[in-house]
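Subject: Structure for your review

Dear colleague,

Please find the structure below, together with its sequence.

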Amino acid sequence: MAGAIASRMSFSSLKRKQPKTFTVRIVTMDAEMEFNCEVKKQILDEKIYCPPEASVLLASYAVQAKYGDYDPSVHKRGFLAQEELLPKRVINLYQMTPEMWEERITAWYAEHRGRARDEAEMEYLKIAQDLEMYGVNYFTIRNKKGTELLLGVDALGLHIYDPENRLTPKISFPWNEIRNISYSDKEFTIKPLDKKIDVFKFNSSKLRVNKLILQLCIGNHDLFMRRRKADSLEVQQMKAQAREEKARKQMERQRLAREKQMREEAERTRDELERRLLQMKEEATMANEALMRSEETADLLAEKAQITEEEAKLLAQKAAEAEQEMQRIKATAIRTEEEKRLMEQKVLEAEVLALKMAEESERRAKEADQLKQDLQEAREAERRAKQKLLEMAAKPTYPPMNPIPAPLPPDIPNFDIIGDSLSFDFKDTDMKRLSMEIEKEKVEYMEKSKHLQEQLNELKTEIEALKLKERETALDILHNENSDRGSTSSKHNTIKKPQAQGRRPICI
């Protein structure tokens with residue numbers, strides 16, 4: 001097989017010390033989810049370099065995995081104040097407050113609504129594995145000239161780095177382009193398939209490091225070859241079961257979303273009814289208070305009318321007494337002229353007094369009539385208030401409610417699982433269909449990655465104005481240079497190259 005590294009290897013100095021076979025632990029997708037915390041810790045501790053814009057996106061997925069869907073009423077400003085989400089290098093690189101970072105993280109966090117915790121963790125790992133230093137094990141080595149270099153071993157191949165630049169390798173040897181790796185004493189030799197390329201030799205001073213490098217080469221190459229083999233029937237069955245489980249979970253999430261929506265609508269209806277009930281109670285209270293005020297006003301007017309009526313009777317009585325006194329004075333004969341003059345003066349005064357009393361009596365009578373009319377109007381207002389209160393008491397408090405659960409949409413399949421096992425009969429058509437589905441998923445992932453890259457570029461442009469150039473680290477400068485040259489994607493270029501046909505396997 002072209003570019004293959006055989007599982008059996010011969011050594012000149014390790015035959016007596018090292019076993020002939022090695023066990024390689026395969027990390028599955030579920031195990032990767034368990035490593036999420038470890039990957040996050042390495043990014044926060046800056047053991048894995050992460051650009052600022054990617055750090056914000058990874059932080060949003062970490063918040064989605066921990067807190068679930070974004071809810072403005074629950075996740076208020078400052079809810080991420082105690083969370084460690086960004087590397088300190090990124091925080092110190094920009095003139096931005098913690099509130100500004102939280103605002104940008106929350107903006108992307110809100111876009112992840114509907115993702116389950118495992119989906120958010122998987123998205124976190126998918127983005128993290130595209131970082132330049134993700135999954136690379138570094139070892140200090142020396143070339144034939146004695147120059148100190150770094151050897152990087154990962155799932156894509158072997159990479160030679162400058163000690164000051166762990167992002168961009170000086171030389172890369174993808175697994176499918178390596179013909180042979182030999183090991184003798186402390187010296188490793190890498191022979192490429194292309195004979196025009198010189199053989200690369202390096203050595204390490206520690207035997208334990210040499211063994212570790214050898215084991216990593218064997219394990220990573222084994223995984224590299226397994227990923228390019230056709231899936232076995234068991235793997236195909238597992239993938240089919242995984243798709244069915246994913247569809248079942250999707251249907252369950254849709255059902256929960258519908259139930260949540262119905263519950264929210266019921267709560268809104270209940271709140272509206274409670275608000276209407278409270279409003280009606282307030283109106284009834286106000287009507288009762290108005291009725292009580294009307295009754296008090298009517299009582300006061302009735303009392304005042306009674307007092308006015310008694311005053312009018314008293315004035316009429318006084319006017320009658322004055323008239324009698326005037327008649328008595330006129331009937332009395334005063335013999336002398338002086339008495340007659342005085343009598344005339346008293347009669348005049350009595351007439352003036354009687355006239356004033358008559359006017360006052362008439363005014364009091366009119367005022368009594370007006371008070372009687374006001375009393376009648378107050379009693380009419382009291383009667384209307386009582387009638388309105390009775391009408392409000394007769395209104396129904398709640399409308400009838402009988403929510404009918406919404407039926408399932410016709411486009412959602414109804415899964416009936418019968419039995420405890422599944423049987424599969426995979427034919428050529430099934431294999432083709434699975435291959436087409438895998439290709440479709442790859443295309444969707446590429447489109448999604450393109451959209452994600454556009455979002456990252458927008459965020460990078462937005463925060464670039466706040467960047468402090470003097471605080472940039474060496475890795476930041478290298479990352480920016482790689483971005484300008486467009487070489488940051490070189491890590492994955494070799495994974496898409498087709499394997500050469502008809503080449504012999506490599507023996508180490």
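By class, how many nonpolar, polar and charged residues does the lining of the largest cavity have? The answer is five nonpolar, two polar and five charged residues. Please keep in mind throughout that this is a predicted model.

**Cavities**

Rolling a probe the size of a water molecule over the atoms shows where empty space is left. In this model the count comes to two cavities of 30 Å³ or more.

The largest cavity has a volume of about 60 Å³. Its lining consists of Tyr49, Pro51, Pro52, Glu53, Leu93, Tyr94, Lys460, Glu464, Lys467, Asp476, His479 and Asn480. Helix 11 gives the most, with three residues.

The second largest cavity holds about 50 Å³ of space. Lys40, Ile43, Leu44, Ser55, Leu58, Ala59, Ala62, Leu85, Pro87 and Tyr124 line this second cavity. Here the elements that give two or more residues are helix 2 (36-44) and helix 3. Helix 3 provides the largest share, four residues. By class, the lining of the second largest cavity divides into eight nonpolar residues, one polar and one charged.

**The sheet**

Strands of a sheet pair through backbone hydrogen bonds, either parallel or antiparallel. In this model, seven strands form an open sheet in the order 4-3-2-1-7-6-5, and the pairing is antiparallel. Strand 4 (171-174) and strand 5 (178-184) stand at the edges; each has a single partner strand, so one side of each is left without a neighbour in the sheet. From one strand to the next, the twist averages 30 degrees.

Strand 2 (residues 148-153) pairs with strand 3 (residues 157-161) in the antiparallel sense, over four bridges. Leucine 151 has isoleucine 160, in strand 3, as its bridge partner.

How do helix 8 and helix 9 lie relative to each other, roughly parallel or roughly antiparallel? The axes of helix 8 (residues 233-331) and helix 9 (residues 337-394) come within 7 Å and cross at roughly 160 degrees. Because angles over 145 degrees count as roughly antiparallel, helix 8 is roughly antiparallel to helix 9. Their crossing is left-handed. The residues of this contact comprise 25 nonpolar, four polar and 13 charged.

Yours sincerely

Key:
Residues numbered from 1 in each chain as written. Predicted model: local features only at pLDDT ≥ 70, side-chain atom pairs only at ≥ 80, totals over all residues. Heavy atoms only, no water. Axes fitted to C-alpha atoms, helices over the stretch in contact; angles between N-to-C directions. Parallel < 35°, antiparallel > 145°, perpendicular 65-115°, else oblique. Left-handed = near helix turned anticlockwise from the far one by under 90°. Nonpolar A, V, L, I, M, F, W, Y, C, P; charged D, E, K, R; others polar. 1 Å grid on protein atoms, 1.4 Å probe; cavity = no way out; pocket = protein on both sides within 12 Å on 5 of 7 lines; lining within 4 Å. Points joined across faces, edges and corners; volume = space filled by probe spheres on them. Pairing = 2+ DSSP bridges.
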